[in-house]
Structures are given as structure tokens and as C-alpha cells.
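Here is a short tour of one model, with an eye to its charged pairs. Have the structure open beside you as you read.

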Amino acid sequence: MAEDTRKFRYLFGITLLYLSLFASYAERGAKSSNRRHIGDNDLDVVITNDGPTTIGGRTTLTATITSPEQNKFEFCWFLDEYRTKENCTIATHSDTFVKSDWKSPGWKDVEVSVKQWPSPVRQASSCTRVLVTDTINCQLAASSSEVGPVNLSVILHDPSQLFPLSNILFSWNFGDGHRLSDKGRYSVVHNFTQDTHYKVNVSLQADVNGRQYNGSADTNLHLYVRFWTDASVTSAPGSKTTSVDGKIYVAKGPVTFTLLYNNPYFIVTNISTDWSFGDQSTSLHYTHDSIVHNFTQEREYSVWVTPRIMTKYSKHSLDSILKVIHIKEPITDFNVTDLATSDATMAKLNVTCKGSGPFKVCWNYIGTKLDHAYVTSSPPKCLWSAEVCNFVVTDRRKKNGGFLKVTLSSYVSREEVVMMIHNTGPTIIPKPQPQSPGVIAGETIAALFICSVALFIILMYGIRKLYKARQHAVLETADFDFRDEDCRSIDSVYLEPRRGCLSFGFLSGCRKKTETYALLDQCQNNSSSYSSIL
């Protein structure tokens, strides 16, 4: 009994050892793509295919020996689990086999066996699986993931060229309520206007060799907006903003900051900003894109703004924006005075002002007549001063006099004056002031009223002329006996105007008056017949 037990244990141990070795071999064989090793010499064979394949199409399979070989080999192809031999050829290191008569859809096993030829000293085999379908195999690709126009293309997997594109009906569903159907339209550009998810689907239908094929593909688009932001800086009205070497110069006083951002398809529903003006004042969660801040000191400020943009489907916290501004005093007390000189041919002017430099003064003659003022006729001459606003301008007088324009500017403001230069000295001409909106509106209303009255008068005159023309165009025919008791002829008759005449006091032609019409001065057979009265 004890000896039998030992034998049983021995056999059981041997069995477990063989099972473990078999499992290890099977695993190693699976990892090595089903290569079969014959003797001491093994071959590495790789098999590929261009599947999936649609029934009616063809599949191209290629077997390649990876190691360099100069010998000839026999490649034999086998299909399905029954290893039905399809084809055998002699080649050096690779062979291609085309299968075109698939009968049913599903996964198909294909094996290739390689033997050295003519003597089978070395041999190996490899397997692959081919997917055969009864549909049109395709994928859907998108060119962009941003809101806006997106190019959608169907990538058709048809290596056997079974389906000409012109024979395929493409039915598109863009996921936003829009649809499109067109034959041969494998690529479309669609405009998506929201930053949200879209499921795009395309269905394919084709008739080939009397058989109908269908296919479909879809893709999920998660579109977003690439927002960009910036901030603009504007001085108060009457001043200007200048940027020099990346520095922004602004006049002291109220300064307007405006948040700039792109808003494709008006997708933005709300904005919120946090402002820090560099003078210990802030404005948090401000819900407008423009804000005005009053700067009271002449120095440099670092202004930060942090924008947040909201759309219907998303919220975006964007990077903070820094604007470094330099507050400057604007030009005030601008004054131009004449400096008398002994030379009558020279004009000498003193230009002074208050404010923050640097300053630039320019002058040039702009014409000899008043209606030519402010029209430059010669290039200007200029002087610069870093801090002090005190200039002496000299120029030769024109022979017939003329208008001299003097312009003084700084980083944050600009002033000008026009002077008439003559022999007795310069005379300052007031700068024309722009009319206020109220004055312009009043002048416009007055002009419209005058035009309306003139149009009314012309219209009434036309009505009067038309009425009289119609009155005189009527022919009144009658037989009258114009005899007095002595059978004396009557050579004229007085007619009153018709009561229907329109009477307007300012239209004298419509005043009631009598009209005299001549009659024929004949009397025959003691009677007079008159048949035409206008």
C-alpha cells in the first residue's frame, strides 16, 4: 500500500511538471505569433492583411520572412479551421495571396506555411484573422475641435475599390438639428456655433452589382472657444493716449479701461472682471466690460484685470492682464506772444504752457487766405523740449502775409493756434469750435421745415393747374336762343365760375371771378343758335 502511494505521488508529480511545461510553451508560442520551430533552425514569418473586407470585395494577405534569406521557400495558404489549402507558390522571402470570394460575414482564420525549397530543412507557419462584413467599412474624422467651421470627412476602408464614391449616398446628421443628404458628399464643412458636445453621424448607402450595402460612422465632438483678451486705455475727452516703447501715457483725471475679447457667434452670455488700479483701490466682480477710474497723482501705476467669461454651456477663467500706465499733467495755459524784432522780414513768437513734458512745438504757413486755414501747404518745422515748455519760434514773413499754424503737443494732450502774420505783427485767429449736437439738430429741423413748406407750395400749384386744365377741357354743347325783345344780337355772355373751385387765399387763380366768352353776332330767321361754349 505504501509503495503504491509513492508511485501515485511520483506519477502525479510528473504529470504536474509536464502540464506546467506545456502551459509555458503554449504561452511562449502565443507570444511568438504561432511560430513553429522545426529542428534547430527556425524562421520568423509575419503575416498581414488589409481587412476588414466587405463581402464582394477582396482581401490581400502578405507573408514575409523577417530574417534576410537568399534561399527559396514554398508558401502555402490555408483557410478556416479545416485548413483548406488555397494556394502554394515558390518565392524568396515574401508572398502575397488575394482572397476575393468570401461567402459570409465574420472572423476568418488564415494560415500560411513556409518550407525551404526544394528540401524542407527549415519550416515555419503563422496565422491571422480577417474580419469579413456585409457593410461599408468607414470612419468619421473631424478637422478641428473649436467652435466655428469644422471639416468632417468620411474615411472609407475599401482597398478592393468596391464602392465608387459617386455611387454612395451620404446622409449627415450634425447633432444640432441640421441634416444633409447628398450623393458623393463624403466631406462637408459645417458651422457649429456653441461650445458643447455634438454627436455627428453619417449613414452610407450604395448599390453594387445588384446588391444594397449600408454603413455608418459617428464621432463625438467636444467643441470649445479659444478666447483672447486685452485691455484698452483711453484718456478723458480732450486728451490723448500715447504708447511709447511699450509704455502708456495718459492724462491725469478720469481714465477709461475697456476689456477686449473675441465673441464668435455672440456666444458670450456674461462677463465678470476683477480690477486692481495700483493705488490701493479695487473693483471686484464687475459685470461690465468698461470701467472709469480717476487718477489724481502724476506717477506710474500697474493696473491688473482678471476676466471671467461665461457662455451658455461653460465658464472660463482667463489669465490676468497687466497694463502699466504713466499719468501725466495735460497742457494748460497755452500762450503765443509776438516778440518784436528790428528785422521786418522776420516773425518771432514766444510759445509757453504748463504741463508735463516732453513737449513738441511745430509751425508752418498754411495759406494766404482765410478759407485756406488749416490746410497745410508746406512741411512743418519743429522744436523739442524735455521738461520746460518755453519756445522761441522764428520764421521769415511771407511777402503778402499769410496764416501761420502753431501746434504744441505732449504725450497726453495737443493744442494749436492759427495766426495771421502781417507787417504790423501777428493776430491770433480763434479756432473754430465744433457745433453742439443741439445746434446741429435745430438747424436740421429748420432745413426740413423749409423744404416741407416749399414742397407743399409746389404741390398745391400743380393741383391748381391740373384742375383748370380739366375745367377747360370739357365741351359743353347746347342750343341757346340769345335774343332780346328787339331781336338784337348779343356778342358776349358772362359766366360765373363753378362752385366746386378750391379757394386758397394765396392762390389767386382760384379766386371767384366772372369770365367773358364771345358769341357769334348773327341772327338768322329771328333766331340765333350757338353750339360751342368753352
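Residues here are called buried under 20% relative accessible area, exposed over 50%, and partly exposed in between (1.4 Å probe, protein chains only). Glu146 is partly exposed, at 26%. This is a predicted model, in which local features need pLDDT of at least 70, side-chain atom pairs count only at pLDDT 80 or more, and totals for chains, interfaces and linings use all residues. Residues are numbered from 1 along each chain as its sequence is written, and side-chain values use heavy atoms, leaving out hydrogens and water.

**Salt bridges**

Side chains of opposite charge can pair when their charged atoms come close. A salt bridge here is a side-chain nitrogen of Lys or Arg within 4 Å of a carboxyl oxygen of Asp or Glu. The structure holds nine of them, including these:

| Pair | N to O distance |
|---|---|
| Lys99 and Asp101 | 2.4 Å |
| Arg129 and Asp109 | 3.1 Å |
| Arg226 and Glu146 | 2.8 Å |

Arg226 lies in the loop between strands S15 and S16 and Glu146 in the loop between strands S9 and S10, so this pair ties together parts that are 80 residues apart in sequence. Arg226 is exposed, at 52%.

**Lys99 and its sheet**

Lys99 is also the bridge partner, in S6, of Thr59. Strands are DSSP runs of E with at least two residues, numbered from the N terminus, and two strands pair if DSSP finds at least two bridges between them. S3 and S6 pair in the antiparallel sense over six bridges.

Note on methods
Helix = DSSP H or I, 4+ residues; strand = E, 2+ residues; numbered from the N terminus.
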